[in-house]
Amino acid sequence: MSFLYVANKTVRYACVNVSMGRKLNKAQKAKQLQEDEERRLQEEEEARLQAAREEQERLERERKEQELQRLELKDRERRADELDELRYLLEENYTAVTKWKADAVEKAKWERYMRCDGTPDPAVEQDINTYISLWRDDPDVNITVVLKQCNLALQLMEELEGLLRDVTDHQEGQKYQEALINLQELIHTKHLLTTEEILKRASANIDTETGNMQTVVRDDNVTLCIWANLKKNPRFKGLTFEGVGMGFELPKQLAVSSIAVRNFHTHYDHLSLLARMAHLRINTPSYRSLAGGEDADIVAPELEDTNEEGEMKDDNITQQQKAEEEGFDGTGRKSAASLHSGNSAPPAEGRGSQIQTHIEALGVSLPAAEGDLTSLSEQLSLTDRSERFKVVDLMQYTPLGGVFYYEVFHLPPQAHHINGWEVRQLLDTGLQFFHYPMEKSNLDDNEVLTCPPVGVSVTLPESVVFLEAPQVARWDAAVKQWRMDGITDVSYEEVEAKISFRMDSFQAFVLMQETYANLPFQSWELRPLGRDSALFTVNGALIDLSITIQGNQCMLRSEREVGLTHLLGKWMSGPTLQRAMLNAGINIFVNEHTDKYVSSCGKDPLTEHAAYEQMALFASACAFSWSKWNSKCGAEHLVMQVCENLGPIPVPKGSWSLYLLGAQRSQMLEITEKSEAFSPDHYPGSEFHSTFIHMLQDNMSTDGIARTRESNYLFVDTVQSLLCATRPLMYS
């Protein structure tokens with residue numbers, strides 16, 4: 001019975017629970033219905049709002065599309081007129097600049113003619129050949145006279161290099177190149193003859209403290225240091241020439257030998273020029289700047305890709321020439337075969353066979369595909385380069401501060417005084433190089449053949465800026481290239497600006513720096529200082545500088561003065577300043593090889609060039625600056641900041657506007673430099689224009705537009721040339 005009671009109780013409780021559950025479900029159902037209704041109303045409201053938003057967006061898109069169509073139609077209607085006006089302004093400036101340059105050339109010719117000082121005209125082959133012939137036959141070996149003659153020859157060489165840069169006729173270029181090499185050879189010969197004359201009288205100029213002869217002769221272009229070993233003291237270690245910062249160290253074998261050491265610093269570099277002329281350019285066209293014109297190619301005058309071609313040796317170079325220092329014989333004269341075998345560029349139609357000849361000389365077969373130069377370069381890299389040569393790529397590295405010749409000679413016979421007579425043995429061999437490392441035949445039978453390296457130290461030239469620790473390269477006369485191997489124990493003292501190292505033999509050497517160490521730019525700005533005046537500022541990777549432009553003259557400014565005192569604050573033409581900056585180690589200029597060594601934005605060169613042309617036209621009234629969005633807008637477009645600025649004061653912050661430039665259209669952008677992402681949307685209320693200058697005019701004052709139309713053509717050309725040489729929109 002109890003079991004039934006419990007069971008019935010359980011059943012009763014279950015029925016109650018079911019009944020309560022039904023009541024709760026009804027309440028919940030009512031609540032659920034209410035919530036569903038509220039949700040439905042909310043969803044309907046959201047749907048209505050979404051539809052309204054979508055409709056609003058659709059209407060806005062249609063409005064923008066209509067506005068874009070209206071702007072594009074308006075742009076197309078005036079496109080021809082705007083392009084014609086731009087073309088007229090550019091042609092007007094170009095014609096005026098061309099005429100001015102032609103008049104300047106004629107004026108220079110007339111002034112040269114009126115001087116009547118006997119200086120030859122390097123452009124006239126007969127004049128320069130007569131000058132070379134007469135100077136070669138001149139017996140005067142007085143150091144003072146010869147140095148003056150050499151300075152004149154250097155001026156002629158500089159003019160010839162300018163002619164060679166601008167020449168278009170191949171035969172004319174060959175004549176200029178031959179004259180350059182002949183002058184270089186003759187200068188070298190004259191220096192050797194004067195050195196020999198000094199060494200012949202070494203015993204008459206003995207230093208009382210050391211018992212040897214030492215002398216220093218210097219002028220604006222050379223520093224000549226000569227030491228003659230008269231005492232042959234085995235304890236002699238080395239010498240530092242006071243006041244010039246050059247020194248050397250000798251091993252014992254040389255300390256007891258009848259030798260003379262010459263530390264000869266030429267502030268110019270003819271060896272790198274010889275390297276460029278002696279080797280073929282296989283796959284690189286002659287460089288012309290986007291600016292065009294006569295001064296365009298001063299950035300990179302016929303540079304060779306020595307990484308790919310440095311191993312190519314002239315097959316006419318003999319074993320005797322390989323042993324001779326710098327390709328000259330004992331008298332300093334170069335043979336005719338050497339002169340013509342590797343120093344002049346071959347005619348275009350014969351280059352293919354000559355390239356094959358060079359390659360066959362190295363034992364490397366040509367690739368199957370004709371002109372497959374990349375494959376050929378890889379073969380050379382794998383076989384020859386790593387094992388035989390470590391030549392310097394003269395596009396990647398730039399020699400700075402001239403060449404240091406570190407040479408040792410046999411000491412010429414000294415004079416003997418007998419009964420008032422001076423007796424001297426005369427040799428017809430001239431000054432003879434002393435071969436080191438020494439051969440076994442030059443040593444005693446019981447002497448061990450050990451030839452330690454020789455040491456040398458130099459103070460960095462004061463006219464050069466080394467942004468990083470300099471690299472040292474030695475001259476290999478056999479292949480006419482600079483090499484970085486064979487140099488050990490390099491020590492660079494930055495505070496004292498001194499570098500010392502050791503070499504296995506006596507060779508010419510040079511200090512080098514990476515060509516594009518200051519690229520890419522961190523930022524740049526071009527702003528007007530007044531009519532026909534502007535300031536171009538570059539914040540480089542390692543050094544900041546600015547160039548003031550006034551008419552066709554430029555002046556360099558920089559907070560760093562060391563190495564630049566001869567340039568800062570001095571007015572000079574754009575091309576002259578550019579060459580001076582390159583020679584001083586301050587490179588902000590680019591060429592067609594720069595992309596191989598520096599990352600760029602990869603912009604379309606035609607669009608970029610068009611931008612520089614139009615920026616130059618408005619440089620008297622508008623300031624231009626870099627934008628971080630330039631690297632985000634694609635290769636077909638350019639982005640920069642622009643602001644009208646008629647005064648010399650800097651542009652106030654917040655005054656800049658962003659502009660997007662393309663091949664077909666320019667527009668003002670809605671975004672700013674502080675925006676989170678790039679957007680190509682145009683600024684509300686602005687229009688489209690087919691040219692950049694007409695786009696700028698929409699937001700310029702009447703005075704600003706008037707100033708741009710009054711800009712001098714020389715100022716416009718100078719600004720354009722500077723922009724095309726630096727290409728800030730590509731490398732920032």
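What follows is a set of questions and answers on this model.

Guide: This is a predicted model, in which local features need pLDDT of at least 70, side-chain atom pairs count only at pLDDT 80 or more, and totals for chains, interfaces and linings use all residues. Residues are numbered from 1 along each chain as its sequence is written, and side-chain values use heavy atoms, with hydrogens and water left out.

Visitor: How many helices and strands are in the protein?
Guide: Both are DSSP runs, numbered from the N terminus: helices are H or I with at least four residues, strands are E with at least two. The protein has 16 helices and 23 strands.

Visitor: What percentage of the residues is buried?
Guide: Buried means under 20% relative accessible area, exposed over 50%, partly exposed in between (1.4 Å probe, protein chains only). Of the 732 residues in the protein, the buried share is 46%.

Visitor: Is Trp110 buried or exposed?
Guide: Trp110 sits in helix α1, residues 2-115. Its relative accessibility is 52%, so Trp110 counts as exposed.

Visitor: Which residues form a nonpolar patch with Trp110?
Guide: Patch residues have over 30% relative accessible area and no salt bridge; nonpolar side chains (Val, Leu, Ile, Met, Phe, Trp, Tyr) are joined within 5 Å, like charges within 9 Å. A salt bridge is a side-chain nitrogen of Lys or Arg within 4 Å of a carboxyl oxygen of Asp or Glu. The patch has about 410 Å² of accessible area together (Shrake-Rupley, 1.4 Å probe; for residues, only the protein chains shown count as cover).

Visitor: Which backbone oxygen lies 2.7 Å from a polar side-chain atom of Thr718?
Guide: Thr718 belongs to helix α16, residues 713-726. Thr718 is buried because its relative accessible area is 9%. The oxygen at 2.7 Å is that of Leu714.

Visitor: Which residues does Gln184 contact, leaving aside neighbours within four places in sequence?
Guide: Gln184 lies in helix α4, residues 170-200. At 8% relative accessibility, Gln184 is buried. Contact means heavy atoms within 4.5 Å. On that basis the residues are Met157, His270, Leu271 and Leu274.

Visitor: Which residue of β21 stands opposite Ala623?
Guide: β20 (residues 622-625) and β21 (residues 638-644) pair antiparallel over 4 bridges. Opposite Ala623 stands Cys643.

Note on methods. A polar contact is a pair of N or O atoms within 3.5 Å; within protein, one must be able to donate a hydrogen and the other to accept it, and residues adjacent in sequence count only if both atoms are side-chain atoms. Two strands pair if DSSP finds at least two bridges between them.
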